[in-house]
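Let's take a walk through a protein model together.

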Amino acid sequence: MTNAAAHKQLAEDAKAAMEKALHDARKLQRKLVRKQAAALEKKKEVIEKVGKGQLDKEQAQTKNKKIDDEVNKVRGDIESKNKEAVAKAQEMKDEMKKMAMHSSP
């Protein structure tokens, strides 16, 4: 494989990896939005139960904390995936620079 062909293949691989990372980030973002909407509904139910006397405030706080923890876990997953994507993009960028330096006269 010539340097030009290798460089072209690397560029195509980088583009595909970035598109996949973008797709994954959008997918996780949609998941977060759904999780946040579900969390709001659950918190609304907790508030209604407290109002009806079915739950005391301490139980409500415990339930709300659990709901918040679930949402924060998804948020943390998104941040982790984004960091991975940035690291992969930087790695490919560095590799392309290295190839360009080796192919220049």
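How do the residues of the lining of the largest pocket divide into nonpolar, polar and charged? They divide into five nonpolar, one polar and five charged. Here Ala, Val, Leu, Ile, Met, Phe, Trp, Tyr, Cys and Pro count as nonpolar, Asp, Glu, Lys and Arg as charged, and the others, Gly among them, as polar.

Before we go further, a word on what you are looking at. This is a predicted model, in which local features need pLDDT of at least 70 and side-chain atom pairs count only at pLDDT 80 or more, while totals for chains, interfaces and linings use all residues. Residues are numbered from 1 along each chain as its sequence is written, and side-chain values use heavy atoms, with hydrogens and water left out.

Now back to that pocket. Rolling a probe the size of a water molecule over the atoms shows where empty space is left. On a 1 Å grid over the protein atoms alone, a pocket is an open set of points where a 1.4 Å probe fits, with protein on both sides within 12 Å along at least five of seven lines; lining residues have an atom within 4 Å of a point. Grid points are joined across faces, edges and corners, and a volume is the space filled by probe spheres set on the points. The largest pocket holds about 220 Å³ of space. The elements giving two or more residues to its lining are α1 (3-52) and α2 (57-103). Both names refer to helices, which are DSSP runs (H or I, at least four residues) numbered from the N terminus. With six residues, α1 gives the most to this lining. Among the lining residues you can find Met 18, Asp 24, Asn 82 and Lys 88.

The second largest pocket has a volume of about 170 Å³. Its lining has two nonpolar, no polar and six charged residues, and α1 and α2 each supply at least two of the lining residues. Look for Val 46 and Ile 67 there, along with others including Lys 42 and Glu 70.

Ile 67 also leads us to the largest nonpolar core. A nonpolar core is a set of buried Ala, Val, Leu, Ile, Met, Phe, Trp, Tyr and Cys residues joined through side-chain atoms within 4.5 Å. Buried means under 20% relative accessible area, exposed over 50%, and partly exposed in between (1.4 Å probe, protein chains only). The largest core has seven residues: Leu 28, Leu 32, Ala 39, Ile 67, Val 71, Val 74 and Ile 78. Here α2 gives the most, with four residues. Leaving aside neighbours within four places in sequence, Ile 67 is in contact (heavy atoms within 4.5 Å) with Ala 39, Lys 42 and Lys 43.

Next, follow α1 from end to end. This helix has 50 residues and reaches 73 Å from its first C-alpha to its last, close to the 74 Å expected at 1.5 Å a residue. The expected span is 1.5 Å times one less than the number of residues. Its buried residues include Ala 6, Leu 10 and Ala 14. Lys 35, also in helix α1, is partly exposed, with a relative accessible area of 29%. Setting aside neighbours within four places in sequence, Lys 35 is in contact with Glu 70, Val 71 and Val 74.

Just after α1, Gly 53 takes a positive phi of about 85°. Leu 55 lies in the loop between α1 and α2. Why does Leu 55 count as buried? Because its relative accessibility is 14%.

Finally, step into helix α2, where Asp 68 has its place. At 33% relative accessibility, Asp 68 counts as partly exposed. Asp 68 and Lys 43 are 25 residues apart in sequence and 9.5 Å apart in space, C-alpha to C-alpha.
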